[in-house]
Amino acid sequence: MASDGFQPLTEQLLLEYLKVTPPLAAKLGNDLDKLEIKEVGDGNLNFVYIVSGPSGSIVIKQALPYIRCIGESWPMTKERAYFEASVLQEHGGLCPNHVPEVYHFDRKMCLIGMRYIEPPHIILRKGLIAGMEYPLLADHLSEYMSRTLFYTSLLYRTTTDHKSAVAKFCGNVELCRLTEQVVFSDPYKVSEYNRWTTPYLDADAEAVREDNILKLEVAELKSKFCERSQALLHGDLHTGSIMVTPGSTQVIDPEFGFYGPMGFDIGAFIGNLILAYFSQDGHSEKEGDRRSYKKWILKTILDTWNLFHTKFTALWDKHKDGSGEAYLPAIYNNPELQLLVKQKYMDDLFHDTLGFGAAKMISSSNPASSDVSAVVDGEIQRIVGVAHVEDFESIKEADKRAECERKALNFAKNLLKERRNFHKINEVVSAIEDFD
Ligand code: ADP
Ligand code: SR1
Ligand code: MG
Ligand code: MG
Ligand code: MG
């Protein structure tokens with residue numbers, strides 16, 4: 001064991017650990033003789049074990065001091081587990097229906113024990129690739145985002161409480177730096193980490209690096225990401241961080257959590273839905289067989305923002321005379337002014353959402369599990385960069401894939417530059433259809 005009390009798990013070590021950890025043993029019904037352990041991590045950073053016994057199942061997630069999909073050559077603080085556990089607990093308290101319960105956290109071991117999100121839950125990104133509809137997704141995600149973002153903002157909190165919460169999450173600096181690099185920097189310069197479908201998109205990638213207006217806009221977003229502590233974000237809310245069935249939605253993996261601009265979370269989700277939309281033609285087996293599915297994705301984008309708007313502003317109304325210090329009742333207690341303030345706040349948030357969503361689309365920084373083998377072979381360039389998510393990576397024919405990626409990239413560039421001209425989500429949906 002290292003002097004700091006950390007040990008990477010092995011199956012044997014995990015078994016011994018469970019035996020001496022009562023809260024975890026209890027979740028397994030204290031029936032530890034016939035346990036099955038399976039490592040199932042398919043994400044980029046960490047190791048995830050499903051522990052199943054005759055009387056229950058749990059998930060154990062451990063952070064090692066490097067990025068899993070690359071290896072020890074890319075060190076990364078294992079303290080990320082502390083921030084993940086903290087966000088799971090805080091967001092879980094605010095929205096227990098959509099966040100897995102944390103049973104146990106061990107800071108020295110960087111280990112979280114949590115609810116096993118059982119089958120038939122699957123990762124949303126995989127469901128979107130398979131063409132599966134989730135009728136409650138927009139309702140559930142808007143619930144999660146409105147509650148977690150509202151209750152951790154100055155619309156609900158005093159500035160004193162807010163500052164001490166912000167201070168705690170300032171420590172998640174390394175993960176924030178990873179986002180700064182992957183989302184706001186690498187796509188706009190030559191970087192060993194960039195990748196794209198070559199040679200088809202060589203000119204498109206170069207065009208991103210040469211686009212001054214795009215760079216001007218992305219700099220503004222980067223400032224906001226680094227400087228604005230608006231609410232406690234999930235920080236990595238792409239469709240690979242959500243597990244779903246038609247009736248249930250569970251948000252996992254908030255290790256990038258920190259106090260940042262709300263639009264970064266909302267944009268990550270909506271931007272990834274737009275990527276899923278533009279990837280559909282690459283998954284269709286015969287002409288038009290994804291047409292109605294594409295309509296469902298657009299409806300989900302529309303409903304997500306509209307429901308978010310309704311729920312968020314309803315929370316604001318409910319707590320308008322509470323202790324939130326953003327708009328003191330003594331100054332803002334006339335209905336006309338309240339309406340103006342709310343319109344401005346929501347309009348700004350909408351533009352942030354579109355801007356961050358577009359930036360996430362351009363970077364498309366969530367490598368597919370299918371690429372892990374390429375990484376093991378040492379091809380680090382194949383990890384992050386322009387337009388890269390499993391939605392596209394699973395399209396086998398490179399020319400077909402490049403065509404889908406180009407549409408998504410061009411749409412995102414346009415959205416990033418023109419976002420202030422959109423005022424309603426249906427205008428964005430129409431723009432997506434026009435681009436297609
Ligand atoms: P990473 O931080 O490496 O991206 P994730 O938290 O996204 O790790 O987990 C990786 C994978 O492990 C997920 O894609 C999912 O398949 C599985 N997983 C993670 N947490 C749970 C859970 N609580 N229940 C069931 N499966 C889970
Ligand atoms: C090299 S890590 C790239 C991405 O994986 C994580 O899930 C985050 O999205 C990060 O940007
Ligand atoms: Mg993940
Ligand atoms: Mg509901
Ligand atoms: Mg993660």
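1. How much area is buried between domain 1 and domain 2, and what percentage of that area do carbon and sulfur atoms give? About 2,800 Å² is buried between the two domains, and carbon and sulfur atoms account for 65% of this area.

2. The structure is a predicted model. Its protein chain has a mean pLDDT of 93, with 94% of the residues at 70 or more. Residues 365-384 call for caution: the pLDDT over this stretch is below 50.

3. The domain assignment places residues 11-115 in domain 1 and residues 122-435 in domain 2. Between the C-alpha centres of domain 1 and domain 2 the distance is 26 Å. Domain 1 contributes 28 residues to the contact, and domain 2 contributes 39 residues.

4. On the side of domain 1, Phe83, Leu94 and His98 together provide 24% of the area buried against domain 2, more than any other three residues.

5. Polar interactions also join the domains. The count is 11 residue pairs in polar contact between domain 1 and domain 2, with both residues at pLDDT 80 or more. Across this interface there are 3 salt bridges. A salt bridge links the side chains of Arg80 and Glu255, with an N to O distance of 3.3 Å.

6. Strand E5 (71-75) and helix H3 (80-94) each give at least two residues to the side of domain 1 that touches domain 2. The largest share, 10 residues, comes from H3. By residue class, this side of domain 1 comprises 14 nonpolar, 8 polar and 6 charged residues.

Notes. Residues are numbered from 1 along each chain as its sequence is written. Chains are lettered from A and ligands numbered from 1 in the order in which they are written. Side-chain values use heavy atoms; hydrogens and water are left out. pLDDT is the predictor's confidence in each residue, from 0 to 100. Contact means heavy atoms within 4.5 Å. Domain bounds come from an automatic or database domain assignment. Buried area is the accessible area (1.4 Å probe) that two parts lose on being put together, summed over both. A salt bridge is a side-chain nitrogen of Lys or Arg within 4 Å of a carboxyl oxygen of Asp or Glu. A polar contact is a pair of N or O atoms within 3.5 Å; within protein, one must be able to donate a hydrogen and the other to accept it, and residues adjacent in sequence count only if both atoms are side-chain atoms. Helices (H or I, at least four residues) and strands (E, at least two) are DSSP runs, numbered from the N terminus. Ala, Val, Leu, Ile, Met, Phe, Trp, Tyr, Cys and Pro count as nonpolar, Asp, Glu, Lys and Arg as charged, and the others, Gly among them, as polar.
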